[in-house]
Amino acid sequence: MKAFAKALFLLFVCLNIATSASFENKLTALIKQRTSQDVKVLSVQNLKSSESLKLVIVQTGDLKVPLFATSDASLIFGATNVFFSQDLTDSADVANFIKQAQGSSQKVDNKEIAKFFQTLKPHEIVSLESTKQSSKITYIIADPNCPSCQKEIQNLQKYLKESNVYIVLVGFLGKDSALKSSMLRQRLAEQPNTQAKVALLQEVFKRGYELPKKYANDDFSDIMSLSERVSAVGINSVPYIYEKHQEP
């Protein structure tokens with residue numbers, strides 16, 4: 001019985017791999033046929049609101065391009081910010097994919113980034129202390145609705161084992177993101193220690209988290225202003241992670 005179950009599991013895995021490979025092969029073949037361009041598939045994500053549509057990022061040279069494709073790869077079209085879905089997580093995922101693709105083709109000047117972090121005011125940084133004495137600082141710029149940011153925040157303990165962590169909260173993905181970042185600033189200031197701050201961050205940076213109604217009308221202009229300053233130094237996709245060592 002165990003051998004039969006194992007065989008079924010292996011068959012399921014093999015079918016999934018074959019299906020994934022088949023989709024990517026069809027996608028790249030169609031793009032090659034229509035554009036004469038060789039592309040590499042970097043990422044494929046299913047949409048919650050439609051089983052027949054996938055969100056894809058392909059790369060040609062140094063350029064990364066976000067696309068929509070049908071599940072059989074017979075129809076491919078460009079992904080844009082003009083996207084509406086009954087499932088809000090789809091909207092957030094699409095916006096984040098586009099920002100990642102756009103931001104990846106931009107060159108960020110590390111010297112300018114270092115200067116930018118030095119200009120941040122104390123209330124613009126969520127400071128988390130390492131579990132051991134460390135001169136290292138890891139800056140993480142993150143949006144609460146960004147799926148990749150959510151993954152990084154869920155792994156904060158990994159960073160804190162060897163580094164202090166400074167988080168800069170932004171609202172790249174719209175009003176709901178800015179409101180959540182604004183709310184987090186308020187509530188994090190009330191937390192007694194790093195452990196409590198991490199717990200709150202991980203609660204909010206989770207797919208499907210809904211902003212409490214009492215924060216719905218808060219002023220989030222400070223978050224949007226900070227987001228604009230972040231973009232001005234060349235950071236147009238999140239999460240953005242920057243590491244440095246404090247001078248003795």
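Q: What does pLDDT express, and what values does the protein chain have?
A: pLDDT is the predictor's confidence in each residue, on a scale from 0 to 100. The model is predicted; the protein chain has a mean pLDDT of 82, and 83% of its residues reach 70 or more.

Q: Over which residues does pLDDT stay under 50, and how many contacts beyond four places in sequence does the model have for them?
A: These are residues 1-19. For this stretch the model has zero contacts beyond four places in sequence.

Q: What makes up the secondary structure of the protein chain, and what percentage of its residues count as buried?
A: The protein chain contains eight helices and eight strands. Of its 248 residues, 42% count as buried. As for contacts between residues at least 6 apart in sequence, 70% join residues at least 24 apart.

Q: Why is Ser-130 called buried?
A: The relative accessibility of Ser-130 is 12%. Buried means under 20%, so Ser-130 counts as buried. Ser-130 belongs to the loop between β5 (126-128) and β6 (136-142).

Q: How do you know that the side chain of Ser-130 makes polar contacts with the backbone oxygens of Lys-132 and Leu-160?
A: A polar atom of the Ser-130 side chain lies 2.9 Å from the backbone oxygen of Lys-132, and the side chain also reaches the backbone oxygen of Leu-160 at 2.8 Å. The cut-off for a polar contact is 3.5 Å, and both distances, 2.9 Å and 2.8 Å, fall within 3.5 Å. Beyond four places in sequence, Ser-130 touches Leu-160, Lys-161, Glu-162, Ser-163 and Asn-164.

Q: How many aromatic pairs does the structure hold, and what makes the pair of Phe-68 and Phe-77 tilted?
A: The structure holds six aromatic pairs. In one of them, Phe-68 and Phe-77 lie 5.5 Å apart, centre to centre, with 45° between the planes. Planes under 30 degrees apart count as stacked and those over 60 as edge-to-face; an angle of 45° therefore makes this pair tilted. Phe-68 is buried, at a relative accessible area of 4%, whereas Phe-77, at 37%, is partly exposed.

Q: Why is the pair of Phe-117 and Tyr-242 called stacked?
A: The planes of Phe-117 and Tyr-242 are 25° apart, and the ring centres are separated by 5.3 Å. Because planes under 30 degrees apart count as stacked, the pair is stacked. This pair links distant parts of the chain, with Phe-117 in helix α3 (residues 110-119) and Tyr-242 in strand β8 (residues 240-245), 125 residues apart. Phe-117 has 4% relative accessibility and counts as buried; Tyr-242, at 15%, also counts as buried. Together with Phe-116, Tyr-139 and Tyr-166, these two residues form one aromatic cluster.

Q: What makes Lys-54 a charge over the ring of Phe-23?
A: The charged end of Lys-54 is 5.5 Å from the centre of the Phe-23 ring and sits over that ring. The distance limit is 6 Å. Lys-158 likewise lies over the face of Tyr-159, at 4.9 Å from the ring centre.

Q: Where are Val-168 and Ser-181 found, and why are they called buried?
A: Val-168 is part of strand β7 (residues 164-169), and Ser-181 is part of helix α6 (residues 175-188). Val-168 has a relative accessible area of 0% and is therefore buried; the value for Ser-181 is also 0%, so Ser-181 is buried. Their C-alpha atoms are 9.2 Å apart in space, and the residues are 13 apart in sequence. Outside four places in sequence, the contacts of Val-168 include Phe-117, Ile-140 and Leu-226, while Ser-181 touches Pro-144, Leu-169, Val-170 and Ile-223.

Terms used:
Residues are numbered from 1 along each chain as its sequence is written. This is a predicted model: local features need pLDDT of at least 70, side-chain atom pairs count only at pLDDT 80 or more; totals for chains, interfaces and linings use all residues. Side-chain values use heavy atoms; hydrogens and water are left out. Helices (H or I, at least four residues) and strands (E, at least two) are DSSP runs, numbered from the N terminus. Buried means under 20% relative accessible area, exposed over 50%, partly exposed in between (1.4 Å probe, protein chains only). A polar contact is a pair of N or O atoms within 3.5 Å; within protein, one must be able to donate a hydrogen and the other to accept it, and residues adjacent in sequence count only if both atoms are side-chain atoms. Contact means heavy atoms within 4.5 Å. Rings of Phe, Tyr and Trp (its six-membered ring) pair if their centres lie within 6.5 Å; planes under 30 degrees apart count as stacked, over 60 as edge-to-face and the rest as tilted. A charge sits over a ring if NZ of Lys or CZ of Arg is within 6 Å of the ring centre and within 35 degrees of the ring normal.
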